[in-house]
Amino acid sequence: MFRMIARRQYRRAWQSMNDHDYQAIIKQLAPDFRVTFQGDTSLGGTRTTRAAMAAWFDRLFRLLPDARFELRQVAVDGPPWNTRIAGLFTIRATTPLGEPYENQFVQFVGLRFGRVSWYEVHEDSLRWWRLCQRLGSNGIKEAVAPPITDAAGV
């Protein structure tokens with residue numbers, strides 16, 4: 001029963017992402033969360049504060065203003081105090097240069113009594129990096145800016 005609830009909560013969270021309502025995601029974070037986006041890019045790094053997460057989501061939606069996330073597969077396991085979720089996704093968007101962008105990623109999530117204690121995103125980082133380089137060479141400096149992290153003064 002709990003896994004069914006967690007799966008439904010996860011699907012709702014991603015519907016919020018498709019609505020670009022990242023505050024719904026931030027509200028689900030535990031007080032001591034950790035979020036990591038793998039890769040050495042403008043979206044890479046780890047964040048542990050809500051302010052850094054909000055800045056990260058703002059950057060994501062500036063770089064991919066019409067991003068849509070298709071949840072292709074989801075798996076939920078574990079008890080309420082240590083629930084683990086794995087999601088397989090396709091992201092589709094139009095870049096600020098008017099180019100289509102598509103990539104695949106997996107997200108691993110840890111829940112503690114329904115609150116997100118951690119998650120990691122593993123995307124085809126070379127595809128994302130190449131896009132960031134094209135954007136940067138066309139004057140979109142944020143695409144090649146340093147990652148947003150807690151240490152960055154956010």
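Predicted model: local features only at pLDDT ≥ 70, side-chain atom pairs only at ≥ 80, totals over all residues.

Colleague: What must one look for in order to identify a salt bridge?

Modeller: One looks for a side-chain nitrogen of Lys or Arg within 4 Å of a carboxyl oxygen of Asp or Glu. By this rule, the model contains 10 salt bridges.

Colleague: Which residue forms a salt bridge with R92?

Modeller: The partner of R92 is E70, and their closest N and O atoms are 2.8 Å apart. This pair links distant parts of the chain, for R92 lies in strand 4 (residues 83-94) and E70 in strand 3 (residues 68-77), 22 residues apart.

Colleague: Where are the two residues of the salt bridge between R134 and E99 located?

Modeller: Their side chains meet at 3.2 Å, N to O. The pair links distant parts of the chain, with R134 in helix 4 (residues 125-137) and E99 in the loop between strand 4 and strand 5 (100-112), 35 residues apart. R134 is partly exposed at 36% relative accessible area, and E99 is partly exposed at 24%.

Colleague: Which residues are linked in a network of salt bridges?

Modeller: R3, D77 and R84 form such a network. Within it, R84 and D77 are joined by a salt bridge whose closest N and O atoms are 3.4 Å apart. R84 is partly exposed, at 35% relative accessibility, and D77 is partly exposed, with a relative accessible area of 39%.

Key: Residues numbered from 1 in each chain as written. Heavy atoms only, no water. Helix = DSSP H or I, 4+ residues; strand = E, 2+ residues; numbered from the N terminus. Buried < 20%, exposed > 50% of the residue type's maximum accessible area, 1.4 Å probe, protein only.
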